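The following note sets out numbered points for a colleague who is examining this model. Please read each point with the coordinates open.

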Amino acid sequence: MQHWARRLEQEVDGVMRIFGGVQQLREIYKDNRNLFEVQENEPQKLVEKVAGDIENLLDRKVQALKRLADAAENFQKAHRWQDNIKEEDIMYYDSKADAELDDPESEDVERGSKVGTLRLDFIEDPNFKNKVNYSYTAVQIPTDIYKGSTVILNELNWTEALENVFMENRRQDPTLLWQVFGSATGVTRYYPATPWRAPKKIDLYDVRRRPWYIQGASSPKDMVIIVDVSGSVSGLTLKLMKTSVCEMLDTLSDDDYVNVASFNEKAQPVSCFTHLVQANVRNKKVFKEAVQGMVAKGTTGYKAGFEYAFDQLQNSNITRANCNKMIMMFTDGGEDRVQDVFEKYNWPNRTVRVFTFSVGQHNYDVTPLQWMACANKGYYFEIPSIGAIRINTQEYLDVLGRPMVLAGKEAKQVQWTNVYEDALGLGLVVTGTLPVFNLTQDSPGEKKNQLILGVMGIDVALNDIKRLTPNYTLGANGYVFAIDLNGYVLLHPNLKPQTPNFREPVTLDFLDAELEDENKEEIRRSMIDGNKGHKQIRTLVKSLDERYIDEVIRNYTWVPIRSTNYSLGLVLPPYSTFYLQANLSDQILQVKYFEFLLPSSFESEGHIFIAPREYCKDLNASDNNTEFLKNFIELMEKVTPDSKQCNNFLLHNLILDTGITQQLVERVWRDQDLNTYSLLAVFAATDGGITRVFPNKAAEDWTENPEPFNASFYRRSLDNHGYVFKPPHQDALLRPLELENDTVGILVSTAVELSLGGHTIRPAVVGVKLDLEAWAEKFKVLASNRTHQDQPQKCGPSSHCEMDCEVNNEDLLCVLIDDGGFLVLSNQNHQWDQVGRFFSEVDANLMLALYNNSFYTRKESYDYQAACAPQPPGNLGAAPRGVFVPTIADFLNLAWWTSAAAWSLFQQLLYGLIYHSWFQADPAEAEGSPETRESSCVMKQTQYYFGSVNASYNAVIDCGNCSRSAASLTPHPCPADGPEQCELVQRPRYRRGPHICFDYNATEDTSDCGRGASFPPSLGVLVSLQLLLLLGLPPRPQPQVHAHASRRL
């Protein structure tokens, strides 16, 4: 077998030496040495420059934010509250007005038909990926808020003045994107105006639940949620509690920590989490699933619940926010005030706020609940029905904002968010936020107002930040990345969420964006701590097609981005320390090389694919490379490569590489007969963006990415010495290859390494495309006793045919498998159409033997950005969404009609008349996702790579007693829950919270702590409601904004 391996190696090497032209291309580069310069990537200087450019970009947004926040506070302070204000008194552009009409797409729809709504015209703006109007702002009001309420109308009145400030900001910085004011009342005013992106179902967007608003409205939180599950909490009330807890969890961000427990006579966590955990997406998912399993039984024991909560908050042996501490209690009512618990744990300093929620309709005295909240700097809320959940589970942020407001200028610090999906279609963004405070006073000498008015935000698109980073000088495997204090990536080439959900931030950890190891953990920690550093490491990387693992050397350099919570890193392979920069000052030579880009030259010089890069501003992009080349040629006939509107570096390198690869055709390819060695094509790809395929007809079956930096064969060839094989990609679920017309080939490629002035550079990759059928026959000869294909087969004393892959192919299986475990060649004709498949799908037992004997090492990881097909909903019974359904006996029982259950059910049904989708769809569906749309999920990925390149193996395989299941060896991604969250939280990754915290102010007035009252309904009211239901007449909409009395100031 070693002899066969050497023969195969020599055959491939011989073909590559003759046709690949590695040595000849080296000579061509040296012959053209006067046409390019060797430039150096200096990592420290590069990363510091990019960090400075990003800092300057964000600083311009910060200045605009400060102007907006100051103006908003002054406008609101000067505003006079109007009790008798009417809808017709306010003129504004309602961004949802068109969407609420029957046919918003129709050209005949008259905009502004609603009271107080302006009619606007819009123009398409590529910067916003939307139609906009720069002369006006737009207003978005949540669906469950009554637009005609006095609070909302006054809010619209004073915020109108922000319009001029928005426009002045844009005049000073034309690169500004969305400027937004999110009000604590729920009103969103944004600039420039654009129609709201209305979902197909009910619109649940509320600015107060957006990640950027939550971060700007309060400091980080340590929250313990305790839920009363005593026997009195039955049916609909328990359903309301479960939904309330889930909505409460949605008000938390990754800077917060939380735990959820249920209690009756004793308290216990609802999930496997035994202490506070970070409120990230995956942990919150665990809580939400666990909450659904709560069952009501036993008696109410407030003491057990509160003691558990205080113990959780006092646990200092875990990572937590160490800022605002609070307990949120959901109950249907009780008489115990548990004053002894508060005296023991919280008084006199009252460092923990207590918020109490009376859930459902009942006759219990709520005075104890009010007292608990008021005695512990919290607030008391009532949630009588589903319609009150969203508004009352977010109002606590107003209370947490009090110390910020009282801190004044000290708290006016801009914070930058995690990455998230913009709700208006801008794509992935980060947002700078600044709180806006209420500066009014009832009268001179009175206490300062302590209400937060809202949060000002300005978006920065990730693409705008990416433009500040070097694109093509770092090579195919070099890149820039950035992370925040949580270790989440802001920039990274692997940040590619497949199904971004604007309701959740995009939180991809640096250690999940790459393959985790100890060195990267150290780098991540240093970056989070705001340090500078440099480290060369040996690490594993996935190939671009995620089929292979390569062990590589990378240089990491990092610096903090000042005035932000971000840190910037640069990754360079050693061979990318230097790069080529073309210097084509000779215009005659420019024209000569440019002519080789013309399709008229392809028949003699081979087909050219050019990388779809942004060579010039006016170049029209296209996914079709032929069309893109046509657009490029047409533009080049109008401008020169030295034009100011073009990227001279990209253009000069592209034209230089066109000429250099043409010389390769001239010196090597043109005079060779590819059929002699059973080749379908030869090719060369370069850093400059040229892929030349010869002969021209081979381009018809060329399926590689025209951008070399995005081609798996190109990147892997740069990282590996020797030859890289790339069989055709086959999925086990697809039908086998169809071997027709000699078009199925196997790519073999290698990097061209230059040594110029003592510097090593790899500016190109060359290779051949082997004819699969012909090389399968050749493979049998190379693994036989014959020296060449035409020699007759001889079997004798010195030549035993039992070890001959050609003659004895019925009993002897001979295969060539690549370093990822994929079949390349076989002596079995029936396996030829399986070339490119993972070998376990071809011969499971043999692949398992190779794995068991350490030929291959397995690497498992998780893709947290994957997309999965939606799961069909389970059959949960006839009742919609598990709502309590009364029996006939209940309807006939007068006692039932006067009970809390009936009252609560009527409220659910009335709410359902207006928002009927609550009975039919999940919140995600209500946002407009069709049932067939893919959803985000976690995929488990498995790759295999050589554990040792020097190993040989000889053994008898007992196929009936394999040590591990053959089915377990698969490279195909499969849906998974990811690592066990309960175990992960026991060893949390290093992070740091924001450096600012405002959770206490001695002057805070805690007297406003909720003064609700619960009134049992009369039978007359119930009968009237029933008549409304029978007649199908929904009641007149009432204001659903819960506003403090001082909000109007």
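1. Strand 8 (residues 257-263) is mostly covered, seven of its seven residues being buried. Here, buried means under 20% relative accessible area, exposed over 50%, and partly exposed in between (1.4 Å probe, protein chains only). Helices (H or I, at least four residues) and strands (E, at least two) are DSSP runs, numbered from the N terminus. The cover extends to both faces of strand 8: Tyr 257, Asn 259, Ala 261 and Phe 263 are buried on one side, and Val 258, Val 260 and Ser 262 on the other.

2. Basis of the model. This is a predicted model, in which local features need pLDDT of at least 70 and side-chain atom pairs count only at pLDDT 80 or more, while totals for chains, interfaces and linings use all residues. Residues are numbered from 1 along each chain as its sequence is written, and side-chain values use heavy atoms, with hydrogens and water left out.

3. Confidence. The mean pLDDT of the protein is 85, and 83% of its residues reach 70 or more; pLDDT is the predictor's confidence in each residue, from 0 to 100. Over residues 102-113 pLDDT stays under 50, and the model has 13 contacts beyond four places in sequence for this stretch. Residues 961-967 also stay under 50, with 12 such contacts. Contact means heavy atoms within 4.5 Å. Where pLDDT is low, the predicted coordinates should not be read in detail.

4. Partners of strand 8. Strand 7 (residues 221-228) and strand 8 pair in the parallel sense over seven bridges; two strands pair if DSSP finds at least two bridges between them. Within this pairing, Met 223 has Val 258 as its bridge partner. Between strand 7 and strand 8 the chain passes through helix 7 (residues 235-249), and this β-α-β crossover is right-handed. That term applies if, with the strands pointing away from the viewer, the path from the first strand over the helix to the second runs clockwise. Strand 8 also pairs with strand 10 (residues 277-278), in the antiparallel sense and over two bridges, and there Val 258 has Val 277 as its bridge partner.

5. Strand 8 is joined to strand 9 (residues 267-269) by a hairpin through three residues. The two strands run antiparallel and are linked by three bridges, with Phe 263 standing opposite Ala 267.

6. Helix 23. What does helix 23 (residues 772-782) pack against through its buried residues? Eight of its 11 residues are buried, among them Leu 772, Trp 775, Phe 779 and Leu 782. The buried residues pack against helix 1 (2-20), strand 26 (679-686), strand 29 (745-756), strand 30 (759-771), strand 31 (815-817) and strand 32 (823-826). At the start of helix 23, a side-chain oxygen of Asp 771 comes to within 3.2 Å of the backbone nitrogen of Glu 773.

7. The sheet 33-34-35. This open sheet of three strands has the order 33-34-35 and antiparallel pairing. Strand 33 (856-868) and strand 35 (974-976) stand at the edges with a single partner strand each, so one side of each is left without a neighbour in the sheet. Neighbouring strands of this sheet are turned by 40° against each other on average, direction ignored; axes are lines fitted to C-alpha atoms, for helices over the stretch in contact, and angles run from 0 to 180 degrees between N-to-C directions. Three bridges connect strand 34 with strand 35, and Lys 940 has Cys 974 as its bridge partner in strand 35.

8. Two residues of strand 34. Gln 941 lies in strand 34 (residues 935-946) and is buried, at a relative accessible area of 3%. Its side chain makes a polar contact of 2.8 Å with that of Glu 546. A polar contact is a pair of N or O atoms within 3.5 Å; within protein, one must be able to donate a hydrogen and the other to accept it, and residues adjacent in sequence count only if both atoms are side-chain atoms. Beyond four places in sequence, the contacts of Gln 941 include Lys 542, Lys 859 and Pro 973. Thr 942, also found in strand 34, counts as buried at 8% relative accessibility and touches Arg 858, Lys 859, Glu 860, Thr 970 and Pro 971, residues up to four places away in sequence not being counted.

9. Gln 662. This residue is placed in helix 21 (residues 648-669) and counts as buried at 5% relative accessibility. A polar contact of 3.1 Å joins its side chain to that of Glu 605.
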